[in-house]
Amino acid sequence: MSDLGYFPSLLDGELVYSGAARYSRLIGIEDARIILRLAFGKRSGTINMMLTGGLNKLAAAIPPEYRLTAQALAIEHTVLPYYSPFITTKGHESLWSSLLGGWAPSGYVSVSATRMALPRHSHLNYCPVCAREDGMHGEGAAWRRAHQLPGVYVCSAHDVPLIQSDVRCTGRTRLHTCPEDADAGFPLRCPFTSVAARAIARATNEIMAANQSPIPFRALSAAVRAVLTEAGWRGRSGIKTTEMAEAFGKWLIPADVESDLGWLSFVGRNMWSELWSTAQHIHARHPVRYIMLLAFIGVSPGAFFAQCRDLQRHSPEVAPKVTVFRNAGVTTEVYKERLRVFLAAHAGSTRTQTWRRLGYACCILRHRDPEWLSAALPMPVRRTASSRRRVDWVNRDCEYLGRARTAIEAIRNKSGKPRRLSVYSIYEEMGVSRKMQRFRERLPQTTSCISGALEGNKDWFRRLGRWKFINTTVKSGRMPTLVEWKNHLIPQYSLKPDIRQMLDELYVALSGECVEFFSSRRATAPTSEQQVFK
């Protein structure tokens with residue numbers, strides 16, 4: 001692999017994706033696939049913006065004087081430290097190997113499993129002050145990793161609102177650099193109070209800088225209980241749910257936007273009484289939960305992680321094992337007896353009805369004694385086809401045939417911008433679901449009618465190109481030039497040799513009709529489409 005001699009030096013907290021975008025602009029190559037193949041050895045044109053893989057190949061391609069290793073790239077220029085303390089050791093190893101060695105999808109499962117129902121940023125964000133300072137170095141502004149994380153709406157370094165750009169946080173086929181002008185986007189609307197927003201941003205940045213290794217769930221849970229006890233929100237009877245939820249809501253949510261924050265449902269009882277006092281958050285321990293809790297109480301993430309490490313070294317009595325189920329004192333025989341009593345009183349109940357009435361008991365029995373539960377539950381009942389579910393496919397075919405012909409004519413005679421005659425466009429015009437494609441063998445006449453009406457590429461682009469030529473002529477009062485025709489009116493992806501030749505011939509024919517009309521009528525601008533073209 002050739003060296004990336006002009007690869008820019010990565011700034012503090014800059015994403016690897018941002019460095020690749022700046023390199024693409026520096027050498028003047030806009031095709032992202034070329035950059036991804038040179039830098040990461042990747043053949044496709046998509047890239048994970050936050051967790052960019054193939055860092056071993058990137059570190060090998062960068063000249064040695066940069067002193068950038070794959071490990072340093074993963075720790076300092078991806079969001080790996082944000083997730084590391086809250087995922088399992090096995091998940092961390094899988095994610096780490098994926099970041100360094102390649103693009104294995106299994107490495108991203110551990111991160112996706114920790115996500116909660118909190119809206120993530122849909123577009124890349126940037127701080128206008130940071131972008132202006134980066135632009136002074138002459139290599140362009142950088143996308144900072146801390147600005148893209150959920151719950152962060154202000155810059156922790158400058159305490160200014162972030163600017164939302166027009167670059168979506170998805171796999172892209174292009175590399176976009178960070179703009180230096182604040183007017184390139186619009187201010188990100190912060191749903192939190194100014195105090196909470198700054199505290200959450202600082203706590204997020206501290207977690208990224210800590211680079212903490214995975215922490216066992218027992219230590220996390222025990223540390224949370226200790227933090228809540230020291231803050232006075234937890235006593236002998238448990239967490240003070242009502243008082244803490246009220247105080248947290250006033251601290252986090254402004255009074256004028258409280259009605260717009262339906263996604264903050266975890267502020268109530270579920271967050272305090274169930275999330276932190278039991279083991280139910282083991283399946284949803286997103287970092288933002290801990291960040292909001294620590295920012296609210298006023299405990300730094302560094303002190304929290306130090307307390308977790310201390311609890312790991314203590315005996316099990318200090319960090320007791322948390323049971324996954326509530327009512328841990330109830331024995332298995334009690335749940336079995338409940339199930340026996342219910343089945344005796346409701347002998348005709350199905351398995352689904354039993355689960356609906358005794359779902360919690362069934363869950364515990366499935367965990368403790370699955371063989372007994374399988375033998376005790378009623379046998380699954382397979383529904384038989386009733387007379388109401390039988391379909392007369394011959395009559396259905398005749399009915400759909402008429403609707404298909406009407407839909408095809410409606411699409412062809414549609415005023416305004418034309419619509420391509422495809423299978424799904426015809427289905428949509430007919431008012432039927434796309435699932436009808438599965439029954440096309442039972443509807444031979446309808447399928448034959450739709451197949452005969454489908455447009456190929458040449459027919460579609462001929463009809464689309466004719467409409468664009470006419471529409472431009474009617475609106476501007478002049479005939480478009482050949483350059484405008486090729487660059488603006490015709491989709492770039494359709495410029496194949498045979499289609500390009502057909503469109504050139506169509507342009508010549510339409511130009512002749514347009515010139516003939518203007519010479520005969522001596523008009524400066526047509527008033528309607530019918531006056532120009534027959």
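In which helix is the place of Val16?

Figure 1. Val16 has its place in helix 1, which covers residues 16-27; helices here are DSSP runs of H or I with at least four residues and strands are runs of E with at least two, both numbered from the N terminus. This is a predicted model in which local features need pLDDT of at least 70 and side-chain atom pairs count only at pLDDT 80 or more, while totals for chains, interfaces and linings use all residues. Residues are numbered from 1 along each chain as its sequence is written, and side-chain values use heavy atoms, with hydrogens and water left out. Val16 counts as buried at 2% relative accessibility, where buried means under 20% relative accessible area, exposed means over 50% and partly exposed lies in between, using a 1.4 Å probe and protein chains only. Leaving out residues up to four places away in sequence, Val16 touches Phe40, Thr52, Leu55, Leu58, Leu73, His77 and Thr78, a contact being heavy atoms within 4.5 Å.

**Figure 2. The protein chain as a whole, for orientation.** The protein chain holds 25 helices and five strands. Of its 534 residues, 45% are buried.

**Figure 3. Helix 11 against helix 13.** Two packed helices are described by the angle between their axes and the distance between the axes. Helix 11 (residues 241-252) and helix 13 (residues 287-297) pack at about 90°, with their axes 11 Å apart; the axes are lines fitted to C-alpha atoms, for helices over the stretch in contact, and the angles run from 0 to 180 degrees between N-to-C directions. Helix 11 is therefore roughly perpendicular to helix 13, given that angles under 35 degrees count as roughly parallel, over 145 as roughly antiparallel, 65 to 115 as roughly perpendicular and the rest as oblique. From helix 11, the residues Met244, Ala247, Phe248, Trp251 and Leu252 meet Met292, Leu293, Ala295 and Phe296 of helix 13. The residues of this contact comprise nine nonpolar, no polar and no charged, where Ala, Val, Leu, Ile, Met, Phe, Trp, Tyr, Cys and Pro count as nonpolar, Asp, Glu, Lys and Arg as charged, and the others, Gly among them, as polar.

**Figure 4. Helix 19 against helix 20.** Helix 19 (residues 393-412) packs with helix 20 (residues 423-430) at an angle of about 110°, and their axes are 9 Å apart. This pair, too, is roughly perpendicular. On the side of helix 19 the contact is made by Tyr400, Arg403, Ala404, Ala407, Ile408, Ala410 and Ile411, and on the side of helix 20 by Ser425, Ile426, Glu429 and Met430. These residues divide into eight nonpolar, one polar and two charged.

**Figure 5. Gln148 in the loop between helix 8 and strand 2.** The loop that holds Gln148 runs between helix 8 (128-135) and strand 2 (163-168). Gln148 counts as buried, with 6% relative accessibility. The side chain of Gln148 reaches the backbone nitrogen of Asn125 at 2.8 Å, and a polar atom of that side chain lies 2.8 Å from the backbone oxygen of Arg144. Apart from neighbours within four places in sequence, Gln148 is in contact with Leu15, Met50, His121, His123, Leu124, Asn125 and Trp143. In helix 8 itself, Pro128, Val129, Cys130, Ala131 and Asp134 are buried, and what covers the buried residues of this helix includes strand 1 (123-126) and strand 2.

**Figure 6. Two loop residues with positive phi.** Most residues other than glycine have a negative phi, and most peptide bonds are trans. Asp159, in the loop between helix 8 and strand 2, has a positive phi near 55°, and Asp159 is partly exposed, with a relative accessible area of 41%. Asn211 has a positive phi of about 50° although it is not a glycine; Asn211 is found in the loop between helix 9 (194-210) and helix 10 (217-230) and is partly exposed at 35%.

How values were computed
Polar contact = N/O pair within 3.5 Å; in protein donor to acceptor, adjacent residues only side chain to side chain.
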